[in-house]
Amino acid sequence: MIKNFDELAITENRKLALQIAEAGLFAIDTQSVVYNFIKLEDDILYVGDKNFILSEFKKIKVVGFGKASIEAALALEKILKSKITIGAVIGLHKVDLEYIETFAGAHPRPSQINIDAGKKIYEIIKNSNEEDLIIALVSGGGSALLCYGENECEQGIKLYDSFLKTGKTITEINTVRKHLSLLKGGGLAKNAYPATIIGLIFSDIPGDNFENVASGPTYKDKTTIGDAEKIILENNLGEFNLIETPKDDKYFDKVHNFVLVSNKTAVEAMANKAQELNFGVNIVSTDLYDEIGVAINKIFSAKKENSVVLAAGEPSIGVPKNIGKGGRNLHMGLEVIKNKMIDKEGFENSVFISLASDGMDNSDVAGAIVDKNTIEKAEKLGLDANDYMNHFDSYNFFQKTGDAIMTGPTNANVSDLMILLTKK
């Protein structure tokens with residue numbers, strides 16, 4: 001899973017920390033998750049603890065959006081095969097499927113391909129009736145990948161660029177996104193009514209706020225235009241054309257949402273691996289939204305000897321214009337160095353990892369591994385962590401030290417994962 005594992009595992013503690021990270025990544029493998037959760041026996045589709053008699057439906061339609069949607073569609077087609085009538089899914093890459101059309105969209109700023117895919121998805125669900133079954137593959141990244149029509153896409157780009165500077169949470173930006181869209185915030189359920197909907201949720205949202213995954217197209221939205229307006233005003237985001245999300249319960253009576261995977265899945269797998277390796281485990285949070293410095297302090301303050309501290313979430317960071325390259329995880333690693341966390345007494349043997357579960361930390365690397373070896377290499381190379389921090393250029397710092405973690409796109413997305421391993 002980690003392509004440069006051997007190059008990074010230059011000490012025993014690094015090797016152990018990387019093994020724990022890989023356990024988390026393997027646990028959220030999209031195709032494996034689908035095969036474990038969904039079974040077809042004769043005419044009955046078993047989804048979690050519920051079952052659906054497929055002969056009761058004339059058409060089975062599949063739609064999907066997000067970083068995990070293509071792999072999920074691939075697995076689902078292998079399960080259902082010719083029972084699928086029509087389908088359209090947008091992710092970050094295309095695959096050749098027999099019954100489902102796939103689109104390789106742009107993220108985080110949508111392109112014309114996103115618009116075309118959104119139109120196709122809308123057309124598939126719009127004329128549905130009560131004899132139709134719609135399976136919606138909903139995953140992280142879907143808020144940007146799914147848009148319909150051009151007006152929503154244009155507003156979505158403007159919103160993302162404005163929000164990037166605020167350092168606010170994904171929940172807040174998705175609240176606004178819901179009120180720009182015909183499909184988000186329960187809009188898909190409304191437009192598909194009166195069809196039966198199976199929502200398969202691959203959550204990237206820290207905590208259990210599953211209605212915010214891809215801005216909740218299959219969930220009844222609890223927020224209002226007023227909530228969106230307040231966020232826009234408080235953060236000086238600009239002018240937007242807002243619409244209210246559907247509030248009538250009838251649109252959701254035949255919607256069945258199932259959460260297949262979340263960051264808790266990854267954290268539990270990492271905890272099990274750490275215990276297997278004879279470490280004590282302390283899970284700080286799976287809902288880490290704090291500013292990066294605060295998040296780091298929470299993780300490092302939970303450290304004990306011969307222990308692994310685990311956390312997951314999306315620590316916040318305000319990003320100015322005209323900056324270098326890198327994402328939250330790389331920046332977090334750089335801040336650990338800048339604040340001399342590894343230099344503190346009792347931390348000399350610690351290894352810190354922060355990585356994006358989708359494998360792309362706003363770049364072609366997943367994150368970074370940091371220990372005393374990183375600091376020594378930076379000193380030999382004359383790299384000033386403060387300077388790279390000021391320029392938000394963590395990517396180039398870790399490329400030079402050789403401590404960037406390479407996974408490639410994982411085709412999964414459950415938020416960021418953090419590990420602090422300490423062993424003499």
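Okay, let's start with the cysteines: the link between Cys-147 and Cys-153 is right-handed, with 90 degrees about the S-S bond. The two sulfurs sit 1.8 Å apart, and a disulfide here is a pair of cysteine sulfur atoms within 2.5 Å. The structure holds 1 disulfide. Cys-147 and Cys-153 are both buried, meaning under 20% relative accessible area with a 1.4 Å probe, protein chains only (over 50% is exposed, in between is partly exposed).

Quick housekeeping: this is a predicted model, where local features need pLDDT of at least 70 and side-chain atom pairs count only at pLDDT 80 or more, while totals for chains, interfaces and linings use all residues. Numbering runs from 1 along each chain as its sequence is written, and side-chain values use heavy atoms, with hydrogens and water left out.

Next up, Ser-143. You'll find Ser-143 in helix 6, residues 142-145; helices are DSSP runs of H or I, at least four residues, strands are E, at least two, and both are numbered from the N terminus. So, buried or exposed, this Ser-143? Buried, with a relative accessible area of 9%. Leaving out residues up to four places away in sequence, Ser-143 touches Asn-174, Arg-177, Lys-184, Ala-214 and Ser-215, where contact means heavy atoms within 4.5 Å. With Asn-174, there's a side chain to side chain polar contact at 3.4 Å. That term means a pair of N or O atoms within 3.5 Å; within protein, one must be able to donate a hydrogen and the other to accept it, and residues adjacent in sequence count only if both atoms are side-chain atoms.

Last stop, helix 14, residues 372-381: Asn-373, Thr-374, Ile-375 and Ala-378 are buried there. The helix's buried residues pack against helix 2, helix 13, strand 13 and helix 16. After helix 14 comes Gly-382, with a positive phi near 70 degrees.
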